[in-house]
Amino acid sequence: MGGDLEALFKVSASVSALMAYARFVATKTPPGPLRLFALLPSIAPLFFLPLSFSSIHLRAISGFFLAWLAVFKLILLSFDAGPLSPSLLFRIFLTIAALPVKIRPISASVKPPHFLPTAIKALLLSVLISFYSYRDRFPHHLLLAIYCIHIYLELELVLAAAAAFATGGLMGFDLEPQSKAPYLSTSLQDFWGRRWNLMVTGILRPSVYEPLRARWGKAAAVLATFLVSGLMHELMFYYITSAPPTGEVSCFFVLHGACTAVEVWVKRAAKVAGGEAIKVSPAVSTVLTLGFLAGTGFWLFFPPLVRNGSDGIVLDECAAAMRVLKVSSRIILDLILN
């Protein structure tokens with residue numbers, strides 16, 4: 001724990017220095033390949049900083065924040081494609097670069113955030129973690145299904161925590177939502193494009209999808225975007241497992257890219273023909289979509305995570321965190337009552 005706290009301090013200081021350099025370079029060089037080349041000293045270290053941590057959780061979270069999102073944001077900065085801009089104040093530039101947030105000006109129509117859903121998700125995750133002490137008795141596919149729920153809850157809580165932390169550096173701005181009830185998705189296009197992990201969608205759309213769509217068309221752009229997502233997930237899995245990539249998670253995303261492209265084509269063809277694709281009720285569509293996600297996840301997404309026991313280490317870290325929170329809560333209650 002002490003080593004990771006020290007690493008967290010060093011990584012935070014390093015990221016601040018790298019982003020200060022990136023902002024300075026962006027003010028001095030015009031958008032284009034020259035700026036991209038000048039930003040490489042800021043981009044390259046971001047791939048190695050997550051390896052500073054011994055905790056799988058910290059490696060995975062920092063890998064997602066830095067080696068994926070921050071790298072893509074700096075690449076977009078190279079061509080003035082947002083969300084970063086050298087005209088931003090440094091505290092705002094640093095917050096947007098280092099955290100999975102996307103800002104928008106505050107308006108009267110924006111509702112204040114509700115913290116009750118986050119509290120409920122935290123409670124559900126704590127209950128889920130308590131069940132893992134019996135995981136040896138669970139059927140394999142039931143355990144993987146529980147992992148799906150765990151990933152959703154933990155990612156939601158991590159993004160919510162990042163958003164809460166980011167509000168301190170984004171005075172005068174509001175944060176865009178990071179997901180929209182993905183468990184209600186009625187199609188793959190709905191899940192990947194409109195509901196799940198919108199921060200990644202917002203980064204891949206301008207950096208991969210839109211440029212390729214303009215040149216090669218929608219289907220090729222969809223496939224390429226899912227391929228890039230798969231390759232980045234291979235990197236994230238490396239931070240988690242410390243094992244060489246197997247290609248399985250890339251196949252998972254390429255498969256979903258192909259299915260999404262077919263789905264979009266069928267909908268467009270039906271619309272052009274003046275009819276509709278096969279009509280299915282929203283409830284049935286949701287069950288089929290989530291079933292396909294889970295089934296392909298059991299086949300291709302989870303094996304690299306469970307093959308070398310990394311999932312067990314993650315669960316042990318979760319249990320240790322729960323014990324720390326439990327002891328801390330008792331100490332705080334004792335101080336309050338006494």
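**Leucines outside and inside**

Leucine 123 counts as exposed, because its relative accessibility is 55% and the cut-off for exposed is over 50%. Keep in mind that this is a predicted model. Leucine 123 sits in helix H5, which covers residues 116-131. Together with Val127, Phe131 and Tyr134, Leu123 makes a nonpolar surface patch.

Now take leucine 315. Its relative accessible area is 4%, so leucine 315 is buried; the cut-off for buried is under 20%. Leucine 315 belongs to helix H13, residues 310-337. Leaving out residues up to four places away in sequence, leucine 315 touches Tyr132, Arg135, Tyr147 and His150. Leucine 315 also lies 32 Å from isoleucine 43, C-alpha to C-alpha. In sequence, 272 residues separate leucine 315 and isoleucine 43.

Leucine 46 brings in the core. The largest nonpolar core has 85 residues. Leu46 is among the four that touch the most other members, along with Met19, Trp68 and Trp192. Helix H3, residues 56-78, gives the most to this core: 13 residues. What does leucine 46 touch, not counting residues up to four places away in sequence? The contacts of leucine 46 are Leu18, Met19, Leu66, Ala67, Ala70, Val71 and Leu74. Met19, one of these contacts, is also one of the core members that touch the most others.

In short, leucine 123 is exposed, leucine 315 is buried, and Leu46 is a member of the largest nonpolar core.

Key:
Residues numbered from 1 in each chain as written. Predicted model: local features only at pLDDT ≥ 70, side-chain atom pairs only at ≥ 80, totals over all residues. Heavy atoms only, no water. Core = buried A, V, L, I, M, F, W, Y, C linked by side-chain atoms within 4.5 Å. Buried < 20%, exposed > 50% of the residue type's maximum accessible area, 1.4 Å probe, protein only. Helix = DSSP H or I, 4+ residues; strand = E, 2+ residues; numbered from the N terminus. Contact = heavy atoms within 4.5 Å. Patch = residues over 30% accessible without salt bridge, like charges linked within 9 Å, V, L, I, M, F, W, Y side chains within 5 Å. Areas by Shrake-Rupley, 256 points an atom, 1.4 Å probe, with all protein chains shown as cover. Salt bridge = Lys/Arg side-chain N within 4 Å of Asp/Glu carboxyl O.
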